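Please look through the sequence and the model together before reading on.

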2 protein chains.
Amino acid sequence: MKKLDILCCECQNNNCFIKKHCLDTDTLTKEIAENKSTNRYFKDQHILMEGSFVDGINFVQSGRVKVFKNGLQEKNQIIRLVAEGGILGHRGLSNRKTYSISAQALSEAIICSFDKLFFLELLKKSPNLTFNLLLFFANELNHVESTLRDLSVFNVREKVAKALLSLIDSFGLSKSNNINYISDLTRQNIAEIVGLNSNQVSKVFAEFKEDKILETKGKNIKILNIKKLEQIISI
Amino acid sequence: MKKLDILCCECQNNNCFIKKHCLDTDTLTKEIAENKSTNRYFKDQHILMEGSFVDGINFVQSGRVKVFKNGLQEKNQIIRLVAEGGILGHRGLSNRKTYSISAQALSEAIICSFDKLFFLELLKKSPNLTFNLLLFFANELNHVESTLRDLSVFNVREKVAKALLSLIDSFGLSKSNNINYISDLTRQNIAEIVGLNSNQVSKVFAEFKEDKILETKGKNIKILNIKKLEQIISI
DNA sequence: GTAAAAATATGATTAATATCATATTTATTT
DNA sequence: AAATAAATATGATATTAATCATATTTTTAC
């Protein structure tokens, strides 16, 4: 079994927030190594639970994660899609006691975690980290606010286009034999990005197949024409 | 005419972010006084324009402001309601060149502004300010994410209840003769908080009157039973 | 204070969305 | 590889939401 607790400087994930902004001095690097705990999560496993007590802040070393809020009767709303290098549980840095979101692995994932108190101390010691975290928050805010407008303005067809583009934006397209595809997501997951249900996604997919925008084979979605998707949601 | 450029220490607005977190030293206090510019805006006047170049960050000294994103054909989405003490244009601190939102005065408002570069320098000098701004962003993020879920899950009746509660949360209730009321907002404004149109708000108001939740007289909305409003949107 | 304009209220109609039922396909288990 | 379970697709239907038209009320301008 692969050793999980590697040092940040040996880690392959160069998108990591810690790696980019927090290894200014040897002292910091050492402290981070000592306080980091790394865990593996299986597909569909919960990483954070809405309502449970905040214990720390987490960074995605590898894998894909969905962050969502519970709605009524199984109708969740996905808030973010997080790929490797991304941050999880940062809202817990605010004064709230409990997580306002759940996070669940969409694939096998390795997550590096720090205790909240340690991380708050780290922020005090590293203005550079704090400032970059501020920028991250500002961008997140821009992003969620755009999504809010989109959900309020888009119809079902536009929402499905938006969901696919969000997926591509967050996770990129897998390439095989020069074909771009989105893989391994249920219709339900896609629906929950934009507040729909799986039937509605299937129906719009049927339209998109007619329009030569995509083809599907099970959970593999071949993207044939990304430009058309973008046109659908261009305001 | 009232002099606008008062010193922060003479300002009556004790909710002000600058006043609370940024007057640690005399040097800072002096710098802030020198770099602050204060302006009056009339009702309905634009304070920030989506798409225009970011010039600074703004604080509401007095008055009420709506922050919104343009949708298609007059259908805007209100993102935040900001009362005195609130921050405007903070998303501009991110790396983006242009504002992602518009802001418009809902009443006469006095706004204190700082140049973006000055404010970024200020953040470097005051870790306390930076950290508190980080907390502010975290709370904003929680707030917008909750709204995102609500818009995706709520029906029209629930959305109107949510809009009224948002207004009360942001601006409080005006009191006169022991009666609580929301004042001075068009149905269109209320609708845009939750992605509806003014007709829909009027119709739900008719229901709410039947249910003794509120009474209206023009733009004055008497809130008779806030508990019932909360019940409507409790998940 | 009156006239004009704007905003609101509301019934009727149209359109869009969500749900249900069921067939089909895909994935999982043994 | 066959059997079972799960997920997806899709037509039909029900529900909800959005629009339109018009009456009424409120606000603004003179």
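**Helix packing and selected residues**

Helix H4 of chain A and helix H4 of chain B cross in a left-handed sense, where left-handed means that the near helix is turned anticlockwise from the far one by less than a right angle, and right-handed that it is turned clockwise. The model is a predicted one, in which local features need pLDDT of at least 70 and side-chain atom pairs count only at pLDDT 80 or more, whereas totals for chains, interfaces and linings use all residues. Residues are numbered from 1 along each chain as its sequence is written, chains are lettered from A and ligands numbered from 1 in the order in which they are written, and side-chain values use heavy atoms, with hydrogens and water left out.

Two packed helices are described by the angle between their axes and the distance between the axes. The two H4 helices, residues 127-153 in chain A and residues 127-153 in chain B, pack at an angle of about 20° with their axes 9 Å apart; the axes are lines fitted to C-alpha atoms, for helices over the stretch in contact, and angles run from 0 to 180 degrees between N-to-C directions. H4(A) is therefore roughly parallel to H4(B), a label for angles under 35 degrees, while those over 145 count as roughly antiparallel, 65 to 115 as roughly perpendicular and the rest as oblique. The contact of H4(A) with H4(B) has 16 nonpolar, 6 polar and 4 charged residues, where Ala, Val, Leu, Ile, Met, Phe, Trp, Tyr, Cys and Pro count as nonpolar, Asp, Glu, Lys and Arg as charged, and the others, Gly among them, as polar. Helices (H or I, at least four residues) and strands (E, at least two) are DSSP runs, numbered from the N terminus.

Within chain B, the axes of H4(B) and helix H5 (residues 156-171) come within 10 Å and cross at roughly 160°, so H4(B) is roughly antiparallel to H5(B). This crossing of H4(B) and H5(B) is left-handed. B:His143, B:Thr147, B:Asp150, B:Leu151 and B:Val153 in H4(B) are in contact (heavy atoms within 4.5 Å) with B:Glu158, B:Lys159, B:Lys162 and B:Asp169 in H5(B). By class, the contact of H4(B) with H5(B) has 2 nonpolar, 2 polar and 5 charged residues.

Two residues of chain B illustrate buried positions. B:Ser102, in strand S7 (residues 102-105), is buried at a relative accessible area of 2%, where buried means under 20%, exposed over 50% and partly exposed in between, with a 1.4 Å probe and protein chains only. The side chain of B:Ser102 reaches the backbone nitrogen of B:Glu50 at 2.9 Å, and among the residues that B:Ser102 touches, beyond four places away in sequence, are B:His46, B:Leu48, B:Val67 and B:Phe68. B:Phe118, in helix H3 (residues 116-125), is buried as well, with a relative accessible area of 11%, and, leaving aside neighbours within four places in sequence, is in contact with B:Glu31, B:Ile32 and B:Asn35.

Two loop residues have positive phi values although neither is glycine. A:Lys212, with phi near 60°, lies in the loop between helix H7 (198-210) and strand S11 (214-217) of chain A, and is exposed at 58% relative accessibility. B:Asp184, with phi near 70°, lies in the loop between strand S10 (179-182) and helix H6 (187-193) of chain B, and is partly exposed at 46%.

How values were computed:
Polar contact = N/O pair within 3.5 Å; in protein donor to acceptor, adjacent residues only side chain to side chain.
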